[in-house]
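Please open the model in your viewer and keep the selection panel at hand. The stops below are given in the order in which to select them.

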Amino acid sequence: MKEMTIKDLTEILKEKNVKPSLQRLKILEFLFKANNHPTVDEIYSALIKDIPTLSKTTVYNTLNVLIESELVKVVNIENTESRYDAIPEEHGHFKCRQCGKIYDFHFDMNLIDSQVPPGFIVSEKDVFFKGICRECLNNNI
Ligand SMILES: [Zn+2]
Ligand SMILES: [Zn+2]
């Protein structure tokens with residue numbers, strides 16, 4: 001994943017006709033950098049030092065703008081918490097039941113197209129797996 005500069009992010013927002021406000025830039029930058037599917041609480045805690053005027057409501061609202069512009073995706077692996085993802089290319093998720101980490105992995109979503117019943121139109125595709133990650137398996141030996 002290439003490093004995103006504020007200039008890159010400004011361009012990305014402008015392309016989607018989203019005004020590049022400080023909050024939007026910072027939150028998008030954090031999502032690209034963090035790359036670990038943070039929750040609203042995690043985004044808020046990480047950015048409050050940089051943006052003292054930030055509130056959790058602002059984080060929610062900003063995320064919603066970014067979601068509508070298709071720059072951010074909600075990752076709902078557990079229905080108790082929403083996590084956010086700024087990776088533009090389609091990928092699958094693997095959640096480890098032991099350490100709780102969510103891994104990205106390359107997944108060709110076109111592979112599942114043939115499974116869709118005829119006459120249906122797909123607007124969103126999600127691939128989630130749960131299990132035990134390699135690290136946890138190695139630690140258990
Ligand atoms: Zn694990
Ligand atoms: Zn992801």
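**First stop: the hairpin**

Select Gly100, which takes a positive phi near 80° in the hairpin of strand 3 and strand 4, where five residues lie between the strands. This is a predicted model, in which local features need pLDDT of at least 70, side-chain atom pairs count only at pLDDT 80 or more, and totals for chains, interfaces and linings use all residues. Residues are numbered from 1 along each chain as its sequence is written, while chains are lettered from A and ligands numbered from 1 in the order in which they are written.

Gly100 sits in the loop between strand 3 (91-96) and strand 4 (102-106); helices (H or I, at least four residues) and strands (E, at least two) are DSSP runs, numbered from the N terminus. Gly100 is exposed because it has 10 other C-beta atoms within 10 Å, the cut-offs being 12 or fewer for exposed, 20 or more for buried and in between for partly exposed, with C-beta atoms placed from the backbone.

Now select both strands: strand 3 and strand 4 pair in the antiparallel sense over five bridges, pairing being called when DSSP finds at least two bridges between two strands. Within this pair, Gly92 stands opposite Phe105 in strand 4.

**Second stop: the core**

Next, select Ile27, Leu28, Leu31, Leu63, Leu71, Val72 and Ala86, which touch the most other members of the largest nonpolar core, a set of 16 residues. Such a core consists of buried Ala, Val, Leu, Ile, Met, Phe, Trp, Tyr and Cys residues joined through C-beta atoms within 7 Å. The largest share of this core, four residues, comes from helix 2.
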